[in-house]
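This report goes through one protein chain, from its overall make-up to a single residue. Please look at the sequence and the structure before reading on.

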Amino acid sequence: MDSKRSFEIAECRQAAKGLKSSWQDMAGSEALIRALVAERNGDTPLALFWTEVHRALSQENNAF
């Protein structure tokens, strides 16, 4: 992903599906770790992307 461009919500949902298929119940943790690493590397847009991915995963898990 090119972190210099804005991201779409659909991209976040697609990334969430990818993490979910690879990491199962640890997908949310993986998204937050990726956000932390991006922020530590000075890539705030990418960190925001991964926090949105985490939000998409959280909304999916909390659906009744």
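## The chain as a whole

Among the contacts in the chain with a separation of 6 or more, 60% are between residues 24 or more positions apart. The model is a predicted one. The chain holds three helices and zero strands, and its elements run α-α-α from the N terminus on.

The chain has 64 residues, and 30% of them count as buried.

## Helices H1 and H2

Helix H1 covers residues 9-23 and helix H2 covers residues 27-40. Their axes come within 8 Å and cross at roughly 120°. Angles from 65 to 115 degrees count as roughly perpendicular and those over 145 as roughly antiparallel, and H1 and H2 are therefore oblique to each other. H1 passes H2 in a right-handed crossing.

On the H1 side, the contact is made by Leu 19, Lys 20 and Trp 23. On the H2 side, Ala 27, Glu 30, Ala 31 and Arg 34 take part. Sorted by class, the contact of H1 with H2 has four nonpolar and three charged residues, and no polar ones.

## Helices H1 and H3

Helix H3 covers residues 44-61, and the axes of H1 and H3 come within 8 Å, crossing at roughly 70°. The range for roughly perpendicular is 65 to 115 degrees, so H1 and H3 are roughly perpendicular to each other. The crossing of H1 and H3 is right-handed.

H1 contributes Ile 9, Glu 11, Cys 12, Ala 15, Ala 16, Leu 19 and Lys 20 to this contact. H3 contributes Phe 49, Trp 50, Glu 52, Val 53, Ala 56, Leu 57, Glu 60 and Asn 61. By class, the contact of H1 with H3 has 10 nonpolar residues, one polar residue and four charged residues.

## Arg 34

Which residues is Arg 34 in contact with, leaving aside its neighbours within four places in sequence? They are Leu 19, Trp 23 and Trp 50. Leu 46 is 12 residues from Arg 34 along the chain, and the C-alpha atoms of the two are separated by 8.6 Å.

Technical notes: Residues are numbered from 1 along each chain as its sequence is written. This is a predicted model: local features need pLDDT of at least 70, side-chain atom pairs count only at pLDDT 80 or more; totals for chains, interfaces and linings use all residues. Side-chain values use heavy atoms; hydrogens and water are left out. Axes are lines fitted to C-alpha atoms, for helices over the stretch in contact, and angles run from 0 to 180 degrees between N-to-C directions. Helices (H or I, at least four residues) and strands (E, at least two) are DSSP runs, numbered from the N terminus. Angles under 35 degrees count as roughly parallel, over 145 as roughly antiparallel, 65 to 115 as roughly perpendicular and the rest as oblique. A crossing is left-handed if the near helix is turned anticlockwise from the far one by less than a right angle, and right-handed if clockwise. Contact means heavy atoms within 4.5 Å. Ala, Val, Leu, Ile, Met, Phe, Trp, Tyr, Cys and Pro count as nonpolar, Asp, Glu, Lys and Arg as charged, and the others, Gly among them, as polar. Buried means under 20% relative accessible area, exposed over 50%, partly exposed in between (1.4 Å probe, protein chains only).
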